[in-house]
Amino acid sequence: MREYLKFYIDGQWVDPAQTQILDVENPATEKVAGKIALGSAADVDRAVAAARRAFGTWSQSSRAERLELLQAILAEYQRRSGDLADAVHEEMGAPPALAAGAQVQLGMGHLVTAIDVLKNFSFTQQRGETLVTREPIGVCGLITPWNWPLNQIAVKVYPALATGCTMVLKPSEVAPFSAYVFTEIMAAAGVPAGVYNMVNGDGPGVGVALAQHPDIDMVSFTGSTRAGVAVAENAAATVKRVTQELGGKSANIVLDDDAFVDSVTAGVAGMMPNSGQSCNAPSRMLVPNSRMDEAIAIAHAVAGQVAVGDPEDDKAIGPVASAAQFTKVQSLIEKGIAEGATVAAGGPGRPDGLDAGYYVRPTVFANVKNDMTIAREEIFGPVLCILGYDDIDEAVEIANDTEYGLAGYVSGADLDVARGVASRIRAGWVTINHAFDLNAPFGGYKRSGNGREWSDAGFDEYLETKSTLGYGVA
C-alpha cells in the first residue's frame, strides 16, 4: 500500500496545509492501491512563492548548467525506471510490458530529445541593429492527465527547465504514483530548491488555484476539451499564457490500394494500445464503401486477437482508468448499438473471464455514419469506428467534419497519394502509415487545443520574445 501524503515544495517534502486524503484505486483490481493527500489553494500559494523566489536565479542560469541538470535527471530516471514502471502498473492497471515499455520509455525519450534540442537552441538573434532575445516566461503551472502520466509530465517539465522557467506541477489524482517517483528523481538529481514543485490535488482544489494565481505566468494543461475551456476561463482574468493539449477524434483514411489489408490491420491494432486511452488515437477509420465488408472481416479477426488483462502477454491491454471511465465507455458502446452501427467485434460488458477490473472488450463498430454519437464524441476506450467513403474528396470531408483537430492518419501503398491526402487533413499531427517521431511538434487545431509540445516547438511555449532596439548602434 503506497502512502504519499506530502508535497514537494522549495526542495523539501512538506505536509499539506490541511488534511484531506484520497484513496487511489488500481483499476485492474478495483482495490485501493494507495493514499495521497489532496492540496488546496494554500498549498498552491506556498509552491508558487517558492517558484517565484527561485526564478530570479534559475532564469539566469547558463545553457551548460541546464544541460548538466538534465543529464543528471536522465541518469536518475534510468536508475529508477523499474520503480516508475511499477508505479504506472499500479496506478493505471497497465500491463507490465506497457508500463515498462512505452509509458516509461516515452518519458525518457522526451528527455533525450530535450537535451539534444537545448544544445543548439537559439535564444538570441541579431536583426540589423535590433537584438531579439527569447527569455523564460516565468513561473509555470503544469497540469497533467492520467492516461500517459510520465509522457505528459515529461513534455512540460523538461522544456520548462531547459528554458529557465520554474514550475508547480499538479499531476492527475487518478494516476499519481508515478509523479511521486518522478519527483523523487528530480530531488535526487539536484534540481535547485523552488525550481520544481509538486502539489497533488484535484481540479477544483488545485487546478483552479493554479490557473487563477496572479503569480503564475503560464499554464500548460493536458486533458479534456471541457476541462481545457475551464482552465482558460480561470486564467483569463490575469491574462496569462495558456497552452492546451485537449481531446481528439482522429480520422485514419485507408486508401483503396494493394496495402488495404495491412492498412486496416494496422489501424485496428493502433487503436487498442493503452486501452484506447490516447487523445491522438486513430478512432475513426475511413475505408472505401466498396470494401466495407472486407474491412469488417479484417477488423473482426484483428480485434479478436487482442488479449485483455493477461500480464504474460506483452501485447495485452489493461483496463480503462476508473469506474467513471468504464461507465462512460459502456454507455457509448450501447449508444452505438442503439444508433444502428454494426458491431464487428466486441460489444458491451467485460471480456469473458474478467469479473473484476474496469476491462472493456476490444470493440469495432462498422457502417458508422459521421453524425452518430460514437463518431462525434471522444470515447477514450478500445473502441474503433469504421466509416465508408466513395472517393478521396468525401474521405477528406468526413475526416475534417469534427470539432477536433489533434491528429490524422493516412494509410496506403502510394506515398505520393498519401502525402496529398495528408496535406488536406485539418489537424496538427498527421501520420502516414503510422510513422512516429519524437521530434515532430505535437498539438491540435480547433477544439483540440492551442500551442505545441515535443522537441524545439515545446520550448517556444515557455519563452517570451524581447526586442532590444539600437543594440547594434555604436
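Visitor: In S14, which residue is the bridge partner of Ile253?

Guide: This is a predicted model, and in it Ile253 has Leu286 as its bridge partner in S14. That bridge belongs to a pairing between strand S13, residues 251-254, and S14, which run in the parallel sense over 3 bridges. S14 itself spans residues 284-288 and is mostly covered, since 5 of its 5 residues are buried.

Visitor: How many bridges join S6 to S7, and do the strands run parallel or antiparallel?

Guide: Strand S6, residues 124-127, is joined to strand S7, residues 130-136, by 4 bridges, and the two run antiparallel. Arg127 stands opposite Thr130 in S7, and the hairpin has 2 residues between the strands, where Gly128 takes a positive phi near 65 degrees.

Visitor: Is Pro16 buried or exposed, and which residues does Pro16 touch?

Guide: Pro16 lies in the loop between S3 and strand S4 (21-26), and it is buried because its relative accessible area is 17%, where the cut-off for buried is under 20%. Once residues up to four places away in sequence are not counted, Pro16 touches Leu5, Phe7, Ala37 and Asp43. A C-alpha separation is another way to relate two parts of the chain: Pro16 and Arg46 are 30 residues apart along the chain, and their C-alpha atoms are separated by 10.0 Å.

Visitor: Which residues is Thr113 in contact with, leaving aside its neighbours within four places in sequence?

Guide: Thr113 lies in helix H4, residues 96-120, and with a relative accessibility of 9% it therefore counts as buried. Leaving aside those sequence neighbours, Thr113 is in contact with Leu438, Asn439 and Ser455.

Visitor: What relative accessibility does Gln71 have, and what separates its C-alpha atom from that of Leu111?

Guide: Gln71 lies in helix H2, residues 63-79, and it counts as partly exposed because its relative accessibility is 37%.

Visitor: How does one look for empty space, as a general idea?

Guide: Rolling a probe the size of a water molecule over the atoms shows where empty space is left. Here a search of the whole structure finds 5 cavities of 30 Å³ or more, and the largest cavity has a volume of about 80 Å³. Among the 17 residues that line the largest cavity, those closest to its centre are Arg284, Ala399, Thr402, Tyr404 and Ala407. The elements giving two or more residues to that lining are helix H13 (392-400), strand S18 (404-405) and strand S19 (407-411). Sorted by class, the lining of the largest cavity has 7 nonpolar, 6 polar and 4 charged residues.

Visitor: Which element gives the most to the lining of the second largest pocket?

Guide: S7 gives the most, with 4 residues. The second largest pocket has a volume of about 220 Å³, and among the residues that line it are Phe55, Arg66, Phe123, Thr133, Arg134, Glu135, Pro136 and Thr163. By class, this pocket's lining has 3 nonpolar, 6 polar and 3 charged residues.

Visitor: Which residues does UniProt list for the domain?

Guide: An unreviewed UniProt entry lists residues 13-467 for "domain: Aldehyde dehydrogenase". Over residues 13-467 the chain is 42% helix and 21% strand, and the end C-alpha atoms are 40 Å apart.

Conventions. Residues are numbered from 1 along each chain as its sequence is written. This is a predicted model: local features need pLDDT of at least 70, side-chain atom pairs count only at pLDDT 80 or more; totals for chains, interfaces and linings use all residues. Side-chain values use heavy atoms; hydrogens and water are left out. Two strands pair if DSSP finds at least two bridges between them. Buried means under 20% relative accessible area, exposed over 50%, partly exposed in between (1.4 Å probe, protein chains only). Contact means heavy atoms within 4.5 Å. UniProt positions are given in the numbering used here, feature names are shortened, and annotations may be inferred rather than shown by experiment. On a 1 Å grid over the protein atoms alone, a cavity is a set of points where a 1.4 Å probe fits but cannot get out, and a pocket is an open set with protein on both sides within 12 Å along at least five of seven lines; lining residues have an atom within 4 Å of a point. Grid points are joined across faces, edges and corners, and a volume is the space filled by probe spheres set on the points. Ala, Val, Leu, Ile, Met, Phe, Trp, Tyr, Cys and Pro count as nonpolar, Asp, Glu, Lys and Arg as charged, and the others, Gly among them, as polar.
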